[in-house]
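Hi,

Here is the structure I promised to pass on to you.

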Amino acid sequence: MPPNLTGYYRFVSQKNLEDYLQALNINMALRKIVLLLKPDKEIDHQGDRIIVKTLSTFRNYVMEFEVGVEFEEDLRIVDGRKCQTIVTWEEEQLVCVQKGEVPNRGWRHWLEGEKLHLELTARDAVCKQVFRKVR
């Protein structure tokens, strides 16, 4: 049975974000701003319905979805694109595939104790972020 991800998580660390942003063709000025951010994550997980909020001082992003149901995701706030997105469980990892202009785009979330791990992929870039549950 998949874990319940509900909670508020504070940013701890990240690796390789700049390569990930370059793979999305994010311009240098915006990359420099994003690299300074330490976003929080707020997740509301009720059965197959999940809301993931990425919260920062620069911009917030809210993703609401039902596990296993494909939908059009508007990523204009991130990189000006839209894509077809589906989120599923692979054992205890929540896995997102974002089909569109950028190959191999997606992410996966999983818990290790009180730490929420996020792995972001785009083209051949892989970014890893870690958050700690605070409530």
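Strand S6 gives three residues to the lining of the second largest cavity, the largest share. A cavity here is a set of points on a 1 Å grid over the protein atoms alone where a 1.4 Å probe fits but cannot get out, and lining residues have an atom within 4 Å of a point. Strands, like helices, are DSSP runs numbered from the N terminus (E, at least two residues, for strands; H or I, at least four, for helices). Before I go on: this is a predicted model, in which local features need pLDDT of at least 70 and side-chain atom pairs count only at pLDDT 80 or more, while totals for chains, interfaces and linings use all residues. Residues are numbered from 1 along each chain as its sequence is written, and side-chain values use heavy atoms, with hydrogens and water left out.

Back to that second cavity. Its space comes to about 30 Å³, where a volume is the space filled by probe spheres set on grid points, and the points are joined across faces, edges and corners. The lining consists of Leu-75, Arg-81, Lys-82, Cys-83, Gln-98, Lys-99, Gly-100, Glu-101, Val-102 and Arg-105. Two elements, S6 (81-90) and S7, each give two or more residues to this lining. Sorted by class, five of the lining residues are charged, three nonpolar and two polar. For these classes, Ala, Val, Leu, Ile, Met, Phe, Trp, Tyr, Cys and Pro count as nonpolar, Asp, Glu, Lys and Arg as charged, and the others, Gly among them, as polar.

The lining of the largest cavity divides into 19 nonpolar, eight polar and four charged residues.

A salt bridge means a side-chain nitrogen of Lys or Arg within 4 Å of a carboxyl oxygen of Asp or Glu, and the model has eleven of them. Asp-79 and Arg-81 pair up at 2.7 Å, N to O. Are these two buried or exposed? Asp-79 counts as buried because its relative accessible area is 16%, and Arg-81 is buried as well, at 10%. The cut-offs are under 20% relative accessible area for buried, over 50% for exposed, and partly exposed in between (1.4 Å probe, protein chains only). Asp-79 and Arg-81 also belong to a network of salt bridges with Glu-101 and Arg-105.

In one, the side chains of Glu-70 and Lys-99 meet at 3.0 Å, N to O; Glu-70 sits in the loop between S4 and S5, and Lys-99 is in strand S7, 29 residues apart. Glu-70 is partly exposed at 40%, and Lys-99 is partly exposed at 46%. In the other, the closest N and O atoms of Glu-90 and Arg-108 are 3.5 Å apart, joining strand S6 to strand S8 across 18 residues. Glu-90 has a relative accessible area of 42%, so it counts as partly exposed, and Arg-108 is partly exposed at 22%.

Asn-104 has a phi near 55°, a positive value in a residue other than glycine. Asn-104 lies in the loop between S7 (93-99) and S8 (106-112) and is exposed at 51%. Arg-123, also not a glycine, has a positive phi of about 55°; Arg-123 is in the loop between S9 (115-122) and S10 (125-133) and is partly exposed at 33%.

Lastly, Gly-7 is part of strand S1 (residues 7-15) and is buried at 10%. Leaving out residues up to four places away in sequence, Gly-7 touches Lys-41, Glu-42, Ile-43, Lys-133 and Arg-135, contact meaning heavy atoms within 4.5 Å.

Happy exploring!

Key:
On a 1 Å grid over the protein atoms alone, a cavity is a set of points where a 1.4 Å probe fits but cannot get out, and a pocket is an open set with protein on both sides within 12 Å along at least five of seven lines; lining residues have an atom within 4 Å of a point.
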